[in-house]
Structures are given as C-alpha cells and as structure tokens.
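Me: I have a structure open that is new to me. Could you take me through it, part by part?

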Amino acid sequence: MVGKEEKLKTPTLRMWRVFTTAVEQGSFLRTADVFQTDVAFVSREIGELENCLGEPLLQRSKRGVKPTWAGVQRYKEAIAVIQAFDRVLQSTSKKGVGTELRLAVPASLAELFVQWTARFGSLPASQGLTVMVEQYADTMPVDMIGYDLFVCEDVLPNARVLATALGFVQRGIAVAPDFLKTQSAVRVPEDLQKRPIIAERSGRTLMLGKDESVAIWVEPTMRVNNAGALAAAALAGAGYAVGVPLWQISSLLKTGRLTLVLEDWRIAARPVWLLKHPHTEHNTHIRRLEQYLIECWAQTEGLDAARRTFARRSLTDAH
C-alpha cells in the first residue's frame, strides 16, 4: 500500500484547467477543441486528476459530462487556484519580466536545438526572451499543450496544429579508417549484411542510389540506444555505424577520424516538422523563434531543408 501511495502524483495546473473546461463545456469533445488536441488527451488528464485525488469528478454519459458532488466542490477550488495563478502571471508581466518560450525536441535532435536556442538568446531582437528546451524519447507524447513549439520526426500527431516542414536529417554509414583497412571493399549495400554492424535497431533500411533503391536487412552485432553512441562505437573500431546523422559527425569526417562508405548511396530520410498551436499564429515571439529555427536548419551542414512546395500545412484531428 505504501508503494501505491508513493506513485500518486500531485495534480498539475494543466489537469485543473482541463477539468474546469470540461465542466464548463459539458463535453470532452468541446474541451478538446478548446485545447486544440484530441479527446484521448482530455480523458487521460481527467483520469489522472481523479487518480491523484482518489475520487470521481465527472459523470460520463452519451450526452456529455457533468460534475459529481465531489466534482462541484473541486471545481470551485480549481477556479480559485487558476485565478490566483493568472493574477501572478499578470503582475509579473507588468513588471517587465521576460517571456519564456517552451520548446519540445526529440532526444535525437536535442543537441542541435540547444545550440541554436543558446545563440538565439544572444540576438538583439530576442532580448527578454528565455527559451526552455525539453527533450523527449523517440515516442512522441500526445501532450503538446504545455509547449509553444514542438519538433517531431517522421509522423505528425493526431492534433490540431500548424506544421512547418523543417526538412530531413542526412544519415550515412560511418567507420573508422583503421578498421576499414582490415575489411574488403563495400561496393553495394548488400555487402554490409555480413559485416560487423552498429545500429540502434534491427529492421529494413532503405538505401537510395542514383538510379535504383534497395532495402537491406540490418541486424546489428552491436546495438546502441542513441545516435551519439553510434559515432562513439564507430570511433572505437567496433564496425560500420549505420544511420549515423551526418551533422553529428561532420567534424570527425573533416579531421579523418571517421570516413563514409557507400557515398553514392543515401539512407532514406524521415521528415522533421516544427509544430505550433493555431491560436499562436500571430504571437510575435513564437514566430520570431520559429523563423530563426527554420533558418538554422537550412544553414546547418548535414541537414536538408524542406522544399517550398510542402513547407506548410494545417492539420485537423478526426474528432
């Protein structure tokens, strides 16, 4: 029982906001519209709040939701908490305290965005702005409400967002020159399949050549959990690092500590998107950071910028 109690979380301000909005809207669907997300997120936030408090707050039916007796009492308390918090925000804003922007980035790209946002803070046009970069694991969380900008790779979320295509991460196959001296030449992608391979996962990897493409099966002899470890293992002479981001090893390639094999082939890239909520479209601070990140992406070696033909589009969820 003690272990179970220790797992209980403290209710967050976001949980209270979602709960009070659900009471006022009388519907999870309309609440999802308010927060520019989906019903699954609203249901999860309410469920977590009820678990935190240990009591049911809403009665659910086909017609919508309405508060229980406990929910009515908690609603009054939540409104007071939210209003007090909003008053604190207003008072600090009047004192000229700088604006804080929150940026969520996948762990595989966190190093890049930390570097860029550090430079952004030193620009004259961004004085008074603070950017917090928070990284998440490869699986993208559904919750986007707490962030001003959100970076995702490959698949866009099922949420109402404005999506700007940043472009693609160039990935290659790198190896230490000394290790390469002990190996016969790798001329085509299929030659890799009987070599010592370092990779993050098993599976098919699509290789694109000038006139053809081929999918090879990658079964690593050494499996690592991030792109940085790929480069480190290659430097140590453990084998061929498949899928290492070129931006991450650009200096190692220039100094000759690593070299690329199959340079006439490239690994099929996944798109990277920069997301924001539709209601922030005219926020000058967010737009300034967004444009800066787009420019950084286009100017960084090892990254392909997006083509203008698909640089922007709006998404709506299925609800």
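This is a predicted model: local features need pLDDT of at least 70, side-chain atom pairs count only at pLDDT 80 or more; totals for chains, interfaces and linings use all residues.

Me: Which residues of α4 are buried?
Reply: In α4, the buried residues are Phe41, Val42, Glu45, Ile46, Leu49, Glu50 and Cys52.

Me: And what do the buried residues of α4 pack against?
Reply: They pack against α2 (13-25), α3 (28-34) and β1 (58-61).

Me: How far apart are the end C-alpha atoms of α4?
Reply: They are 21 Å apart. Helix α4 has 15 residues, 39-53, and at 1.5 Å a residue these should span 21 Å, so the two values agree.

Me: You mentioned α2. Which of its residues are buried?
Reply: Met15, Trp16, Val18, Phe19, Thr20, Thr21, Ala22 and Val23 are the buried residues of α2.

Me: Which residue follows α2?
Reply: Gly26 follows α2, with a positive phi near 70°.

Me: Let us step back. How many helices and strands are in the chain?
Reply: The chain has ten helices and 17 strands. It holds 319 residues, of which 42% are buried. Among contacts with a separation of 6 or more, 73% are between residues 24 or more positions apart.

Me: On to the strands. Why is β15 described as largely enclosed?
Reply: Strand β15 covers residues 271-276, and six of its six residues are buried, so the rest of the structure largely encloses β15.

Me: Which way do the residues of β15 point?
Reply: Pro271, Trp273 and Leu275 point one way, while Val272, Leu274 and Lys276 point the other way. In a regular strand, side chains alternate between the two faces of the sheet.

Me: What does β15 pair with?
Reply: β15 pairs with β5 in the antiparallel sense over four bridges, and six bridges join β15 to strand β6 (residues 161-169), also antiparallel. Leu275 of β15 is the bridge partner of Phe150 and of Ala163.

Me: What order do the strands have in the open sheet of three strands?
Reply: The order is β10-β9-β14, with antiparallel pairing. The edge strands are β10 (213-218) and β14 (266-267); each has a single partner strand, so one side of each lacks a neighbour in the sheet.

Me: How many bridges join β9 to β10?
Reply: Six bridges join these antiparallel strands. Within β10, Ser213 stands opposite Leu208.

Me: Changing topic to pockets: what volume does the second largest pocket have?
Reply: The volume of the second largest pocket is about 760 Å³. It is lined by 32 residues, and the closest to its centre are Glu153, Arg171, Glu200, Arg201 and Arg270.

Me: Which element gives the most to the lining of that second largest pocket?
Reply: β9 gives the most, with four residues. At least two residues each come from β5 (149-153), β9 (203-208), α8 (227-235) and β12 (240-245).

Me: And by class, what does the lining of the second largest pocket have?
Reply: It has 17 nonpolar, seven polar and eight charged residues.

Methods
Residues are numbered from 1 along each chain as its sequence is written. Side-chain values use heavy atoms; hydrogens and water are left out. The expected span of a helix is 1.5 Å times one less than its number of residues. Buried means under 20% relative accessible area, exposed over 50%, partly exposed in between (1.4 Å probe, protein chains only). Contact means heavy atoms within 4.5 Å. On a 1 Å grid over the protein atoms alone, a cavity is a set of points where a 1.4 Å probe fits but cannot get out, and a pocket is an open set with protein on both sides within 12 Å along at least five of seven lines; lining residues have an atom within 4 Å of a point. Grid points are joined across faces, edges and corners, and a volume is the space filled by probe spheres set on the points. Ala, Val, Leu, Ile, Met, Phe, Trp, Tyr, Cys and Pro count as nonpolar, Asp, Glu, Lys and Arg as charged, and the others, Gly among them, as polar. Two strands pair if DSSP finds at least two bridges between them.
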